[in-house]
Amino acid sequence: MTYIQKEPCPIYKKCGGCQMQNLPYDRQLAHKQATVRKLCGRFGKVLPIIGMENPYHYRNKVSAAFAEDKRGKLLSGVYQSGTRRVVPVDSCQLEDEIADRIIVFIRKIMPSFKMHAYDANTRRGFLRHVLVKRGFSTGEIMVVLVTGTPVFPGKNAFITELRKAFPDITTIIQSINAGPTGLVLGKQEKVLYGKGYITDILCGLRFRISAQSFYQINPVQTEVLYQKAIEAAHLTPESTLLDAYCGVGTIGMAASKYCGFVTGVELNPDAVKDAIANAKENQIKNVRFVCGDAGEFMVELARERGKVDVVMMDPPRAGSSKAFIESLCTLAPKRVVYVSCNPETLARDLKYLTEGGYEAESIQPVDMFPHTAHVECVVSLIYKG
Ligand code: SAH
C-alpha cells in the first residue's frame with residue numbers, strides 16, 4: 001500500500017502527543033509490526049499490520065486548553081507533557097481539521113466578547129477548554145465550552161456568531177468545571193444549543209455520543225478492527241457471544257446480526273446505559289448488557305456452566321485479570337477473540353490462555369493511532385484442550 005506522507009509536525013517534540021513523528025509512516029508500521037512480533041510472535045503467526053492509507057486528521061475528538069500569557073495574550077493548544085504550560089497549537093496532523101478551525105475561531109472572537117481564559121490559580125477568567133466531537137459519517141458537530149464559572153455573559157450572541165461561522169455545529173454545551181486541575185469536563189452541564197448529543201454511524205449502526213461518553217476516536221480504523229474481530233469469531237446464527245469489556249456495546253452490536261445472542265459486560269454504569277440506549281435505537285433485540293466486573297461475571301458463568309460459544313474480550317491497557325482467564329479456560333468456549341490495545345499485557349495474557357488450552361491461530365495488528373506509539377491487535381484463539 002502507498003501511504004500519504006507529510007513533513008513532520010514542527011512542534012512534535014514539545015507537544016509529546018506523537019511519539020513516532022521522527023519516522024516516515026511506513027517505518028512506523030514496520031516498528032509496530034516488530035514490537036508485536038517480539039512480544040507475541042511465539043504464541044502465533046503475526047499477520048502484516050493494517051495501516052491507514054491517509055494516516056492524518058483521523059481523530060474525531062479534539063480538545064484544547066485555553067490560557068493567557070504574561071501579557072494577556074490568549075493561547076489555545078495542549079499542555080506540554082507533564083506541565084500546565086499551554087503549547088499553542090492551531091492545527092494538528094492527527095486532529096479533525098474542522099475541529100481545529102472551530103477552536104482557533106473561538107480564540108479569535110473571545111476578545112470581542114471580553115472573554116478571558118480561566119486561570120486555575122487565581123480562579124479568575126472563564127474559558128478553560130474547548131472540546132469538539134465530530135461524527136465523521138453524519139457530519140454532526142458538538143462543541144463543549146468548559147468554563148471555570150457558570151455565568152456566561154453574552155452567551156446568545158457568542159452562540160449565534162459561532163453557528164454562523166460553522167453551520168454544521170448541531171449542538172453546543174457548557175460544561176462547568178471549577179475544580180483545581182485534572183479532568184477536562186466538569187460534572188455540571190448546560191445544553192446551550194441543540195440536543196446535547198451527536199449521532200454517528202459505525203458499522204451501519206447509529207450511536208449516540210454525549211459530551212462524557214466514550215467513543216472510539218479513529219472511526220475509520222475502528223471499522224477495520226471490528227471487521228477483523230468479527231471474522232475471527234467465526235459466528236453462526238446459533239452462536240452465543242459474550243462481549244467482555246464492551247464499553248458502549250459497539251463490537252457486540254456490530255456482531256449481533258451474525259449470531260444468536262450477545263451478552264455485553266462492562267464495569268462503567270454510564271457506558272452500560274449508553275449501550276442499552278444504543279441497542280434500542282438500532283432495534284437490536286438479541287442483546288443484553290450487564291454492569292459489573294468481567295472477571296466476576298466469568299467466574300459466575302463458569303460455576304453455572306453457562307452457555308457461551310465465543311468470547312470477545314477487549315480489556316483496557318492493563319489487560320485482563322487472572323480470575324477472568326482461569327474461568328474462561330474452565331468454561332472453554334471453542335473460540336476466543338482477544339482485542340488488545342497493549343501488546344505487553346497481551347503477551348502476558350496469551351501465556352495464561354495457551355497454558356489453559358488455547359492456541360492463537362493468528363495475531364492481526366491494526367494501526368489505530370498513527371504517529372503515536374500505540375498498536376492494537378486482534379488475536380484469534382481456538383480451544384485445543
Ligand atoms: N469494546 C469497547 C471498549 C473497550 S475499552 C470498544 O471497542 O469501544 C475497555 C472497556 O473495559 C472500558 O469501557 C472499561 O470501562 C471497561 N472495563 C475496565 N475494567 C473492567 C472490568 N474489570 N470489568 C468490565 N469492564 C471493565
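Begin by selecting L267: one of its backbone N or O atoms lies 3.2 Å from a nitrogen atom of the ligand, a polar contact being a pair of N or O atoms within 3.5 Å. The model is predicted; local features need pLDDT of at least 70 and side-chain atom pairs pLDDT 80 or more, whereas totals for chains, interfaces and linings use all residues. Residues are numbered from 1 along each chain as its sequence is written, and side-chain values use heavy atoms, without hydrogens and water.

Next, select Y245, where a polar backbone atom is 3.2 Å from a nitrogen atom of the ligand. At Q216, a polar side-chain atom lies 3.0 Å from an oxygen atom of the ligand. On its own the ligand has 570 Å² of accessible area, of which the protein covers 81% (Shrake-Rupley method, 1.4 Å probe).

Finally, colour the chain by domain, with bounds from an automatic or database assignment. Domain 1 comprises 12–54 + 218–383, and domain 2 comprises 61–209. Their contact (heavy atoms within 4.5 Å) takes 20 residues from domain 1 and 15 residues from domain 2. The C-alpha centres of domain 1 and domain 2 lie 32 Å apart.

Terms used. Polar contact = N/O pair within 3.5 Å; in protein donor to acceptor, adjacent residues only side chain to side chain.
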